[in-house]
Amino acid sequence: MSLLAASPPAMATAPVFVAASALAAWSAITFVSVLAIVGEVMIAAGMRQVGDLDEVRAQSGLPGAIRAVLTNATFVIGALCMALNFFAMLFALSMTQLSLAGPAIGALTYVGNAVAAKFFLHENVDHRRWLATVFVAVGVVLLR
Amino acid sequence: MKHTLKPSQYAVLLSVIITAPAGDALLARGMRQVGEVDLHHLGLLWHALFNPYVDGGILLLMGFFAAYTVALSWADLTFVMPATASSYVVIALLGHFLLHETLSPSRWAGVLLIVCAVGFVAGGPSRTEHPALDAMDSGAAL
């Protein structure tokens, strides 16, 4: 009975509360996804600058290859973004439902990566790669 | 340029696919033994470092990041992406065949979609040929 008595005021505030929490959840999901996209694109750009690591290793050995990667500023900033993404993901998962945040972040990151790879890395994202991106995004949502 | 992959490069992609889910699984098992970590029990994180499953998980995830980095040195991000997504397929299939978990039709559909995505991308070139990108490859754009 007490629950029933409490329900009218709860119902009155529910839409506002739901909208605010949905906004907060999607803000967190977008923030985590953008961090992942920036991180992965910068790591990819850094590794393109470093060049084929097999060739770098053949020329200057394993320590030289590791040095070439770790002294590349673009790579290091990208790796820091990924580290930040890890902690932001923990935060996002604590404030949203795993069943929403997990697939949403996965799908947004894959699609965002393809768009960013085309415009920032100038990769040739042909129809096969677009199709693969959409399949991966939908597949990740179905599998989580 | 780099259109086809060498066997060693396929091995790197295979490492990307396998090390991520294996590392996650070990880390999850170890953290279940350690207990729930929150802001009031951050000391447990230090305790977690002495758990062999957590250590194995961290090592495998470091291996994943190394393999992923190596792959991006000779392949496009959009080429490597379906390989990283294949980790979800590995987790689902391991759960089904080793732990006898039932996979719902929608999860089977997810497996199929990601496998198709790998097929689409694997059939094409691994690296984009582009004059500006070739300059980056040679280090001129550093």
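**Stop 1: two helices in chain B**

Select helix H4 (residues 77-97) of chain B and helix H5 (residues 105-122) of chain B. In this predicted model, their axes come within 9 Å and cross at roughly 150 degrees. Angles over 145 degrees count as roughly antiparallel, so that is how H4(B) and H5(B) lie to each other. Look along the pair for the handedness: H4(B) passes H5(B) in a left-handed crossing.

Now show the side chains. On H4(B), pick B:Phe79, B:Pro82, B:Ala83, B:Ala85, B:Ser86, B:Tyr88, B:Val89, B:Ala92 and B:Leu93. They meet B:Arg107, B:Val111, B:Ile114, B:Val115, B:Ala117, B:Val118 and B:Val121 in H5(B). Colour the contact of H4(B) with H5(B) by residue type: it divides into 14 nonpolar, 1 polar and 1 charged.

**Stop 2: across to chain A**

Zoom in on the contact. From H5(A) come A:Arg129, A:Ala132, A:Thr133, A:Val136, A:Gly139, A:Val140 and A:Leu143. From H4(B) come B:Thr78, B:Met81, B:Pro82, B:Ala85, B:Tyr88 and B:Ala92. By type, the contact of H5(A) with H4(B) divides into 9 nonpolar, 3 polar and 1 charged.

**Stop 3: the whole of chain A**

Zoom out and select chain A. How many helices and strands does it have? Chain A has 5 helices and 0 strands. Along the sequence, the pattern reads α-α-α-α-α. Of the 144 residues of chain A, 40% count as buried. Next, consider contacts in chain A between residues at least 6 apart in sequence. Of these, 76% join residues at least 24 apart.

**Stop 4: confidence**

Colour chain B by pLDDT. Its mean is 84, and 88% of its residues reach 70 or more. Where is confidence in chain B highest, and where is it lowest? Helix H3 (residues 52-74) of chain B is highest, at a mean of 94. Helix H6 (residues 131-137) of chain B is lowest, at 58. Where pLDDT is low, the predicted coordinates should not be read in detail.

Finish with the complex as a whole. The predictor gives it an ipTM of 0.80 and a pTM of 0.81.

Methods
Residues numbered from 1 in each chain as written. Chains lettered and ligands numbered in written order. Predicted model: local features only at pLDDT ≥ 70, side-chain atom pairs only at ≥ 80, totals over all residues. pLDDT = per-residue confidence, 0-100. Helix = DSSP H or I, 4+ residues; strand = E, 2+ residues; numbered from the N terminus. Axes fitted to C-alpha atoms, helices over the stretch in contact; angles between N-to-C directions. Parallel < 35°, antiparallel > 145°, perpendicular 65-115°, else oblique. Left-handed = near helix turned anticlockwise from the far one by under 90°. Contact = placed C-beta atoms within 7 Å. Nonpolar A, V, L, I, M, F, W, Y, C, P; charged D, E, K, R; others polar. Buried ≥ 20, exposed ≤ 12 C-beta atoms within 10 Å, placed from the backbone.
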